[in-house]
Amino acid sequence: MCEVSTSDDSVLFTGPELELTMAYLTVKPLAERVEIGTETLRASPAPPEVVNALQALCRSDVSSLLLDVKESLLHLGWLVEGSRDVVRIRKSRRAGVSGFTTIEYEKSTRKMTVVTTQKCLADFLKQIGFEVVESKYLVEGRRHVSTLAEAVEIEERLSQAAC
């Protein structure tokens, strides 16, 4: 099960990975600052709407929660694999005139892989903990990522990285 508590101007959410992922997807557009841990999420500020949404999330059954997570990820442009759980997510986008960036997260191995034609992303990937291999036309980065929510957060940071 999950728990929701407030302190000062922030809300603390603790729960299993699926609930944590949905909490992140729910809170991210509403909060100015979101921090993700292995089983915790802290968001600030914490207006009553955010607290109420997280409390309702804790009351949800797992099957509807799984559908909500998958639907939210699809809405954000992720391809989602897995029927009883989210097994793998993948997202591709254009980069520049004729380039691409592909991000994949494999939940069973907890590995995230980024492949891109944007050579300028190599340093940024290294800064956020990726092991990077560069070839003539591609940059490939791999790193351990603890949760699905963290994988979504890393993709958001990558999409905002400027070259």
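Mentor: Radius of gyration first: it is taken over C-alpha atoms, and the globule rule is 2.2 Å times the number of residues to the power 0.38. This is a predicted model, where local features need pLDDT of at least 70 and side-chain atom pairs count only at pLDDT 80 or more, while totals for chains, interfaces and linings use all residues. Residues are numbered from 1 along each chain as its sequence is written, and side-chain values use heavy atoms, with hydrogens and water left out.

Trainee: OK, so what radius of gyration does the protein chain have, and what would a compact globule have?

Mentor: The chain has 17 Å, and that agrees with a compact globule of 163 residues, which would be near 15 Å. Along the principal axes, the C-alpha atoms fill a box of roughly 50 × 35 × 25 Å.

Trainee: How many helices and strands are there?

Mentor: Five helices and ten strands. Those are DSSP runs numbered from the N terminus: helices are H or I with at least four residues, strands are E with at least two.

Trainee: What's the strand order in the four-stranded sheet?

Mentor: That open sheet runs 1-2-4-3 with antiparallel pairing; two strands pair if DSSP finds at least two bridges between them. Strand 1 (3–7) and strand 3 (33–36) have a single partner strand each, so one side of each lacks a neighbour in the sheet. Inside, strand 2 (residues 10–14) and strand 4 (residues 40–44) share four bridges, and Leu 12 stands opposite Arg 42.

Trainee: And the six-stranded one, what order does that have?

Mentor: 5-6-7-8-10-9, an open sheet, with antiparallel pairing. Its edge strands are strand 5 (79–81) and strand 9 (131–134). Eight bridges join strand 6 (residues 88–95) to strand 7 (residues 99–106), with Lys 91 partnered by Ile 103 in strand 7.

Trainee: Which strands does helix 5 lie across?

Mentor: Helix 5 (residues 148–160) lies across strands 6, 7, 8 and 10, at about 5° to strand 6. Axes there are lines fitted to C-alpha atoms, for helices over the stretch in contact (heavy atoms within 4.5 Å), and angles run from 0 to 180 degrees between N-to-C directions.

Trainee: Switching topic: what does Glu 134 touch?

Mentor: Leaving out residues up to four places away in sequence, Glu 134 touches Lys 119, Ala 122, Lys 126 and Val 139. Glu 134 lies in strand 9.

Trainee: Why does Glu 134 count as partly exposed?

Mentor: Because its relative accessibility is 42%; buried means under 20% relative accessible area, exposed over 50%, and partly exposed in between (1.4 Å probe, protein chains only).
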